[in-house]
Amino acid sequence: MATVTLTLNGDVRTASVPPETTLLRLLREEFGLTGSKLGCDVGDCGACTVIVDGKSVNSCLMLAVQADGRDVVTIEGLATMSRLHPLQQLFEDKGSLQCGFCGPGVIMSAKALLDENPDPSEQEIRDALAGNLCRCTGYSKMIEAIQAVARDGRGEPAKSAV
Amino acid sequence: MHNFAYIRPTTLRDAAAQLGKEHGKVMLLAGGTDLLGEMKDDLRVPEKLVAIRQLRELQGIRPGRGGLRIGAATLLSDIAESAPVREQAPLLAMAAETVGTPQIRNMATIGGNLCQRPRCWYYRNNYPCFKHGGSVCYSVTGENEYHAILEGGPSYIVHPSDTAPALVALGATVRISTGGRERGVPIEKFFVGPRQDPARENILQPNEILTEIEVPSAPAGSKAVYVKEMVREVWDFALCSVAAMVTTSGGIVGDARIVLGGVAPFPYRALKAEAVLKGRRLDEAAAAAAGAAAVDGARPLSKNAYKVPLTQAVVTRALLSLA
Ligand SMILES: Cc1cc2nc3c(=O)[nH]c(=O)nc-3n(C[C@@H](O)[C@@H](O)[C@H](O)COP(=O)(O)OP(=O)(O)OC[C@H]3O[C@@H](n4cnc5c(N)ncnc54)[C@H](O)[C@@H]3O)c2cc1C
Ligand code: SF4
Ligand code: FES
Ligand code: FES
């Protein structure tokens, strides 16, 4: 077993897991945070996207032990009890998702983009979403939502962002 | 994934001390984007993983003798965005930018990119072929549309790395550490073809660590481009790619480096195409002649003949964009 201590959505958390546990399994099975989805498990689909030390990564391709000592933000870290994150709100308002399976990953990729680049061009948004597959929508309403958040200057970092 | 022991050393020396003499038993873990995929499919079942991503000795982009020194554990996203790389070796930044997805580039290291294993589906599905120590290549009579058209045999893999052709074109040197001693190897000598060793793609021994890549600054008067052709519009491995760097003076090509990815078991230097260009003006006729010369000697398999005209066109187009 290996001990992993990380900052998860602003709180320091520790778990003891076998070394072959991926970060995605740690999040879903040890911490019960099932917002990050298991799609392909090989880096193709982006449903498992989380933000580690400010950068979007595929949590299915990272070992939990590789996240030791690092800052991890998942979709659960975005909303507060009373308020959705602007990205979540605009995705809702614009009907950007259909089945929703890709949503948490897409929103985390969008958040990583806006944290670094608050005023992205449409091409920059498309590039940032290149690793997130959606089988239902045509991406355009997601892009509209992200542009709307950027325009409002509301892509503010979550509480735990560095 | 099978169980393994996980070690996270704090110095390069401690990492090296963990390594043994047998391939596959103790393995280095950098970003893990390739190795973890292999382990999930039981292609690799190491007893021990030695994490190297955090090693200070392997980090960062520093000025070096006549160019840059890039630590093997530097992330591809940091290389693609690096101002010194964009300035001094833009070809490398362009190639790094085309790798996979943003998430992959945020995890993947350049050392891992050079050492990644082939994507041949027989290999990835654990068929007992040359790459798994067997003595047959299933692609020859099988599904070979994505396989090699140049330098194939007995294995017909294509080298999957996007940064490798760029680094060969730039004339980079890789530094390799063996038990505390370091040596430099020109990157062209780092990769090996299947005739030399059908089971592996480079010279690294199990007890060796790639530590650094020395990248000379692109010569004055040079222009470079990386063009990657894929099945889809967004991320994928290259069907074929070309890293081209052309140095002209007074409108005449003095030097040209043309290196192909996705078509041979190693980054393939198209020497004949380079020769065609030297001493000429880079115009449409010259670019077309170089395109044709680049695929001279190509021997496609049953289902990948399309790669010959494709590669020819991609080389021609790449060169014209530099004219
Ligand atoms: C969805 C997806 C898309 C991809 N698309 C592309 C693409 O378009 N182009 C491309 O080039 N690649 C692509 N890749 C392959 C990708 O894994 C590599 O590009 C990546 O750079 C590997 O780096 P890593 O640090 O993750 O390596 P790891 O997975 O950690 O290691 C890979 C191998 O190299 C060895 N190794 C790593 N570092 C060293 C070192 N310093 N010294 C000695 N050995 C070492 C490891 O032991 C292992 O065998 C893709 C991968 C995925 C999953
Ligand atoms: S091309 Fe190489 S990896 Fe693929 S089946 Fe043939 S020997 Fe194996
Ligand atoms: S589940 Fe991680 S990329 Fe698909
Ligand atoms: S909304 Fe269904 S996969 Fe994107």
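Reader: Which residues come nearest to ligand 1?
Author: In this predicted model, B:Leu28, B:Thr33, B:Thr109, B:Asn113 and B:Asp162 come nearest, out of 37 residues around ligand 1. A residue counts as near if one of its heavy atoms lies within 4 Å.

Reader: Why is the site shared between chains?
Author: Ligand 1 is surrounded by residues from chains A and B, so the site is shared.

Reader: And which polar side-chain atoms lie by an oxygen atom of ligand 1?
Author: B:Thr33 has a polar side-chain atom 2.6 Å from an oxygen atom of ligand 1. B:Gln116 has one at 3.1 Å from an oxygen atom of the ligand.

Reader: How much of ligand 1 does the protein bury?
Author: The protein buries 97% of the 980 Å² that ligand 1 exposes when taken alone. Those accessible areas come from the Shrake-Rupley method with a 1.4 Å probe, and for residues only the protein chains shown count as cover.

Reader: Which element gives the largest share of the shell?
Author: That is α7(B), with 4 residues. Helices here are DSSP runs of H or I with at least four residues, strands are E runs of at least two, and both are numbered from the N terminus.

Reader: How many of the shell residues are nonpolar, polar and charged?
Author: There are 20 nonpolar, 12 polar and 5 charged residues in the shell around ligand 1. Ala, Val, Leu, Ile, Met, Phe, Trp, Tyr, Cys and Pro count as nonpolar, Asp, Glu, Lys and Arg as charged, and the others, Gly among them, as polar.

Reader: Switching topic: how do chains A and B meet?
Author: The contact, meaning heavy atoms within 4.5 Å, takes 28 residues from chain A and 27 from chain B. Together the two chains bury about 2100 Å², with 56% of it on carbon and sulfur atoms. Buried area is the accessible area (1.4 Å probe) that two parts lose on being put together, summed over both.

Reader: Who loses the most area on the chain A side?
Author: A:Glu20, A:Lys55 and A:Leu61 do, together making up 28% of what chain A buries against chain B.

Reader: What domains does chain B have?
Author: Its assignment gives domain 1 (56-115 + 158-216) and domain 2 (222-322). Such bounds come from an automatic or database domain assignment. The centres of these two domains of chain B, taken over C-alpha atoms, are 21 Å apart. Between them they bury about 1800 Å², 68% of it on carbon and sulfur atoms.

Reader: And chain A?
Author: Chain A is assigned domain 1 (2-77) and domain 2 (86-152). About 1200 Å² is buried between them, and carbon and sulfur atoms give 66% of that.

Reader: Where is the cis peptide bond in chain B?
Author: It runs from B:Gly153 to B:Pro154, with omega near 0°. B:Pro154 sits in the loop between α8 (121-124) and α9 (163-170) of chain B.

Definitions and conventions
Residues are numbered from 1 along each chain as its sequence is written. Chains are lettered from A and ligands numbered from 1 in the order in which they are written. This is a predicted model: local features need pLDDT of at least 70, side-chain atom pairs count only at pLDDT 80 or more; totals for chains, interfaces and linings use all residues. Side-chain values use heavy atoms; hydrogens and water are left out. A polar contact is a pair of N or O atoms within 3.5 Å; within protein, one must be able to donate a hydrogen and the other to accept it, and residues adjacent in sequence count only if both atoms are side-chain atoms.
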